[in-house]
Structure formats: C-alpha cells, structure tokens
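Please open the structure in a viewer and keep the selection panel at hand.

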Amino acid sequence: MGKEGAPSSLPLVPFPHRAEAFSSWLSRLAARYDLHADHLALHAGYPLRGARELDCYLLPQADCALALMTGLSQRSIRTMRCGMPQRRLWVRDHHVWCRECVREALLEGDEPWERRSWRTGATVTCERHRRVLEEACPRCNKIGKGCLFLSDKGRVQPLCAVKGDKINLWGDALDDQLPWGLTIDRTISRCVNALSIDLCRSLVGQTLRAQWRGVSRERRLTTIIEELTLITLITIDYLPRPQPPLYWMLEQSDWKAAFHYTPAMLPTSLATGIIMLASVVLSDHQFFEDRVFWDPSECQVACEPLTPETYVMWLHPKVRSWGRQIISAPFGV
Ligand SMILES: [Zn+2]
Ligand SMILES: [Zn+2]
C-alpha cells in the first residue's frame with residue numbers, strides 16, 4: 001500500500017492490445033502475480049463483482065487507483081469497456097473466440113487475449129477471418145468454463161480448465177452449422193459486420209455508421225434487434241429460461257419487466273442466424289438483389305431468397321404484424 005492507502009504501483013504491467021476487453025487485460029495483469037483477476041480488481045478498489053462484470057461498469061475512483069497502479073491513463077482503462085450497465089444483458093457471460101485470431105496471438109509469442117467485440121452479443125463472427133465465433137472448448141467440449149484463457153506461470157495460457165492440459169488450436173474447428181440453411185459469403189459477411197460494428201457502437205453510446213430501418217433518437221438499434229430476437233425465438237418456439245446476471249437484477253425495480261432476450265444469451269450459431277436475418281431485413285434490400293438464400297422451411301436446401309417479405313411470411317402468425325412493422329419502418333439516422 002502507498003502513502004495514502006492507495007495501492008502502490010506494480011512493476012510488471014502488460015500493455016493492453018488496442019481492441020482488448022478490460023477483463024482480458026486485467027486477467028493478464030493478474031496472471032503476472034499469480035492472482036485471479038477478481039482479487040486484483042478488489043485490491044484496486046472495485047466492489048465485489050468479479051472482473052468480467054466490470055466490462056460494462058465504469059467506476060472512476062477505482063479506475064483512477066488502477067491507473068496509478070499500472071501507469072496507464074484512466075482514458076485507456078475506460079476505453080477497454082464494451083458496454084454500459086443498462087446494456088448489461090448484451091454482454092456475454094462466457095468466453096467466445098475466433099480460433100485464427102488466438103492462433104495469430106500465440107504465433108507472435110503472445111498470450112490468448114479477448115477482443116472487446118467478443119464480449120458482447122453484437123459480434124457473432126470474426127470480421128477478419130469470416131467465421132462464426134467458437135464457444136466450446138476444443139479439448140473438453142464445454143462452454144463457459146474459462147478454457148483457453150487460464151492463468152498459469154505468470155501468463156494467460158491456452159489451457160483447458162476442465163482437463164488441465166494444453167488446448168490444441170491447430171486443427172480445424174467443426175463446421176459452423178448455421179440455422180435455416182444460412183451460409184456466410186462475402187455479401188452477407190459485409191452486412192453482418194456493418195450491423196455488428198453499429199451494435200457495438202450503440203452499446204457504448206456512439207453514433208452509428210450505417211442506416212438501419214426504424215432507428216431514431218428514441219428507438220435504439222439494440223432495441224430493434226432485441227425485438228427481432230424475440231419474434232424469431234417465438235417463431236422457432238425456443239425461449240430459454242431468463243437467467244439474467246445477479247448484479248443487473250439487483251439494480252432493476254422490476255427485473256422481469258426490464259428483461260429482454262439478446263443474442264448474447266444464445267448459442268453463437270443461433271445468434272449468428274438471428275444477426276444475419278436482422279442485417280438483411282433492416283438494410284436496403286436493393287443491396288442484396290436476391291443474392292442471399294435461406295431455407296425457412298428446413299427442407300435442407302437454401303433455395304428461397306432471404307428478403308424482408310419472406311422473413312415476415314415465415315414468422316409465427318401471432319408476431320407477424322409486429323415483424324411487418326419492423327421491416328417497413330423508414331431508415332433511421
Ligand atoms: Zn479472427
Ligand atoms: Zn476445456
């Protein structure tokens with residue numbers, strides 16, 4: 001402890017990557033001292049929430065203490081956040097990753113580190129490698145155990161938290177099976193990226209880059225995607241039991257009324273399907289000229305052009321007019 005009870009500065013501080021999430025950097029910092037990121041966060045003065053919970057909470061006083069401990073500016077600590085408390089339901093509770101991005105980091109002699117974009121349900125594919133983000137550990141096949149980002153011998157290492165040994169990332173991932181016969185090609189990939197970028201911007205309150213149907217000052221892009229997520233889930237009769245994060249629940253006067261399904265709560269393949277549909281029905285249809293096909297009736301052949309119209313016709317009758325309203329809204333700002 002320093003003179004005034006502030007934690008003293010640390011001799012070893014890994015430099016954050018430009019796109020790195022706060023909790024990822026904190027884990028790498030904690031690993032240098034064989035600490036858990038949660039304990040280091042407590043030491044810096046963050047309340048007992050867990051380091052990953054801090055990805056969308058700004059706590060200026062603790063940020064300031066951490067800045068003093070690490071020599072980083074408060075601004076760089078702040079920009080590592082990927083959401084705001086009111087958008088907490090958009091932040092994933094488990095790790096997801098792009099195998100090729102992690103491989104590249106390892107080849108450069110670096111540690112596995114998490115991108116900010118991976119932390120939120122806004123991102124479902126890697127924009128550089130055009131593949132769906134993975135969430136199951138290649139070694140134990142489990143989700144959400146912390147595999148691939150484990151602290152060991154002063155660094156974060158690609159280890160399996162269940163089996164305890166090294167994860168082999170050099171093989172090919174299992175083929176990404178997307179719902180409704182969807183596949184990722186260059187056209188759809190560009191559109192999904194544009195939507196993901198704007199969703200990420202919307203989550204931290206920045207202005208959007210592209211125009212999407214229905215967006216206005218009063219109606220955020222995230223709200224529209226929450227609605228599309230809900231009507232799609234109703235249509236496929238898949239409504240997982242709400243399991244909102246504890247701290248978010250405690251902050252709501254009526255959490256059931258405040259709860260919305262977001263892609264962050266869904267398996268990445270289903271979330272990818274929903275974001276793909278949304279990226280098409282909310283953008284200018286001329287752009288696609290019937291170049292994206294899908295198989296809404298699950299007849300194994302993606303033979304129908306994906307258009308706002310075929311999407312609405314596919315919806316469950318009880319949400320069809322709601323869907324029509326969303327796809328026929330004027331382009332927003
Ligand atoms: Zn990648
Ligand atoms: Zn594992």
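What distance separates the centres of domain 1 and domain 2, taken over C-alpha atoms? The centres lie 34 Å apart. To display the two domains, select residues 1–81 for domain 1 and 179–327 for domain 2; these bounds come from an automatic or database domain assignment.

This is a predicted model, in which local features need pLDDT of at least 70 and side-chain atom pairs count only at pLDDT 80 or more, whereas totals for chains, interfaces and linings use all residues. Residues are numbered from 1 along each chain as its sequence is written, and chains are lettered from A and ligands numbered from 1 in the order in which they are written.

Next, show the whole protein as a cartoon. It has 12 helices and 6 strands (DSSP runs, numbered from the N terminus: helices are H or I of at least four residues, strands E of at least two). The radius of gyration is 21 Å, close to the 20 Å of the globule rule for 333 residues, so the protein is as compact as a globular protein of that length (taken over C-alpha atoms; the rule is 2.2 Å times the number of residues to the power 0.38).

Now select residues 11–133, listed by UniProt in an unreviewed entry as "domain: TniQ". UniProt positions are given in the numbering used here, feature names are shortened, and annotations may be inferred rather than shown by experiment. This stretch is 35% helix and 3% strand.

Move to helix H1 (residues 22–31) and helix H2 (residues 37–44), which pack at about 95° with axes 8 Å apart. Axes are lines fitted to C-alpha atoms, for helices over the stretch in contact, and angles run from 0 to 180 degrees between N-to-C directions. H1 and H2 are therefore roughly perpendicular (65 to 115 degrees). Ser23, Leu26, Ser27, Leu29 and Ala30 of H1 meet Ala37, Leu40 and Ala41 of H2 (C-beta atoms, placed from the backbone, within 7 Å).

Finally, select helix H6 (residues 186–203) and helix H10 (residues 268–281), whose axes are 9 Å apart at an angle of about 95°.

Note on methods
Angles under 35 degrees count as roughly parallel, over 145 as roughly antiparallel, 65 to 115 as roughly perpendicular and the rest as oblique. Two residues are in contact if their C-beta atoms, placed from the backbone, lie within 7 Å.
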